[in-house]
Number of protein chains: 2
Amino acid sequence: MDGDVLVVTQKVVSKAEGQVFSLDRYEPSELARRIAASSGKDPRHVEAVLRESRRIVRMDPVRGILICETMHGFVCANAGVDESNTAKREVVCLLPVDPDASASRVRDAAKERYGADVAVVISDTFGRPWRFGLTNVAIGVAGMKPLWDYRGERDASGYELRATIISTADELAGAAELVMGKLDAVPVALIRGCPYPKGEGSIREVVRDASLDLFR
Amino acid sequence: MDGDVLVVTQKVVSKAEGQVFSLDRYEPSELARRIAASSGKDPRHVEAVLRESRRIVRMDPVRGILICETMHGFVCANAGVDESNTAKREVVCLLPVDPDASASRVRDAAKERYGADVAVVISDTFGRPWRFGLTNVAIGVAGMKPLWDYRGERDASGYELRATIISTADELAGAAELVMGKLDAVPVALIRGCPYPKGEGSIREVVRDASLDLFR
């Protein structure tokens, strides 16, 4: 229906877009071989992570931890390169090249098939510093703004909110995870009756500018 | 009903527990005065933040940014000290001293009043590195485990999940924010029909151990 939000997992989008590749495609670099040797990981998998990275934010070669900035500007473990839920062994699944465009295609298809004006969020599962446990966040949006900007509005006691910008897209992605789970490979959740910031936006709005990033 | 989740905002809990204090209570230290002078903040407010902090993780004295570790181990801006939604000017609202205990009291009251065995999440609004926009996260839980541990389980293609621990409590808090908003001072949301990890847990499980923290 108009106003629904479709949250679609990165995994099914990446598969549909052919972002699944055999590990044999990756000839490991010297760095990849060294990290693999110290951590026990597959050097081809490490190579895939390095190729998807614009920047290594932190690494622990012994534990095999690579926190990377992706080409999109997302910071996450292994640059979003994933082995689970890909049905075939010896393959890796990469993030969509342009997740906003992926979301737009789903939105257009929903419009055509159901005549409904929906918002679409592409979700992935990211860790975060300081807090244990992963949550689903948005990596692409269409038909909505990802951020709800309350600056300048006044709360119930008349206090002007000065810094409150909520990442609604991330909260929608997290809410969807609650009903999708991790084992049943549910690829999409529908959220109905939930307010979100109308308009057109891009997930680039959620990528924090380097000049405002205290954790480079 | 049994199995419902009540998400209660930190603000209403802190008010109910008397964690609202006049700024006049705070005699600014030299550091607080200096940060206030460079950032244009109220030195008493800065002092309140410093007193609630166990550790300053990052600071930018010109922009007045203090990313602090609280006594509970949470890392957030201003150690959770807040000025908005407190009705009276010249006051600050501090985090609950023991948010798990706060959640337990709400849980016990729900049991007594409605005969229902509910889970309770105390939520607050935190920023995060790299991603712009705030999301609601859990700062206290009762009647549930905050983390859903999938390690050792197998996904739909038989792949054994090795690292997947979801912070369900944080996703519940974020989902609740979607319907509470920031302006109407809605203090509680009820989530019905959503699976969550049964049992007893503590938000301490979500605080990442320093030895596993690459972003100290």
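Me: In which helix does V12(A) lie?
Reply: Keep in mind that this is a predicted model, where local features need pLDDT of at least 70, side-chain atom pairs count only at pLDDT 80 or more, and totals for chains, interfaces and linings use all residues. Residues are numbered from 1 along each chain as its sequence is written, while chains are lettered from A and ligands numbered from 1 in the order in which they are written. Helices (H or I, at least four residues) and strands (E, at least two) are DSSP runs, numbered from the N terminus. The helix of chain A that holds V12(A), covering residues 10-16, is α1.

Me: Is V12(A) buried, partly exposed or exposed?
Reply: A residue is buried if 20 or more other C-beta atoms, placed from the backbone, lie within 10 Å of its own, exposed if 12 or fewer do, and partly exposed in between. V12(A) has 15 C-beta neighbours inside 10 Å, so V12(A) counts as partly exposed.

Me: What about Q10(A), and which residues does Q10(A) touch?
Reply: Q10(A) also sits in helix α1 of chain A, and Q10(A) is buried because 26 other C-beta atoms lie within 10 Å. For contacts, the C-beta atoms of two residues, placed from the backbone, must lie within 7 Å. Not counting residues up to four places away in sequence, Q10(A) touches L95(A), P96(A), I122(A), S123(A), D124(A) and I139(A).

Me: Let's turn to the sheet of chain A. In what order do the four strands stand?
Reply: Two strands pair if DSSP finds at least two bridges between them. The sheet is open and its pairing is mixed. At the edges stand β8 (135-142) and β11 (188-191) of chain A, each with a single partner strand, so one side of each has no neighbour in the sheet. The order in chain A is β8-β7-β1-β11.

Me: How many bridges join strand β7 of chain A to β8(A)?
Reply: β7 covers residues 119-126 of chain A and runs antiparallel to β8(A). The number of bridges between β7(A) and β8(A) is seven.

Me: And in β7(A), which residue is the bridge partner of V7(A)?
Reply: β1(A) and β7(A) run parallel and are joined by five bridges. The partner of V7(A) in β7(A) is V121(A).

Me: Which residues point one way from β7(A), and which the other way?
Reply: In a regular strand, side chains alternate between the two faces of the sheet. β7(A) is mostly covered, with eight of its eight residues buried. One way point A119(A), V121(A), S123(A) and T125(A), and the other way point V120(A), I122(A), D124(A) and F126(A).

Me: At about what angle to β8(A) does helix α5 of chain A run?
Reply: Axes are lines fitted to C-alpha atoms, for helices over the stretch in contact, and angles run from 0 to 180 degrees between N-to-C directions. Helix α4 (residues 99-114) of chain A lies across β1 (5-9), β7 and β8 of chain A, at about 70° to β8(A). Helix α5 (residues 168-180) of chain A lies across β1, β7, β8 and β11 of chain A, and its angle to β8(A) is about 125°.

Me: Which element supplies the largest share of the side of chain B that touches chain A?
Reply: In total, 50 residues of chain B are in contact with 51 residues of chain A. β3 (53-60), β8 (135-142), β10 (165-166) and α5 (168-180) of chain B each supply at least two residues of that side. The largest share, nine residues, comes from α5(B).

Me: In chain B, about what positive phi does W130(B) have?
Reply: Most residues other than glycine have a negative phi. W130(B) is in the loop between β7 (119-126) and β8 of chain B, and W130(B) is buried, with 23 other C-beta atoms within 10 Å. Although W130(B) is not a glycine, its phi is positive, at about 70°.
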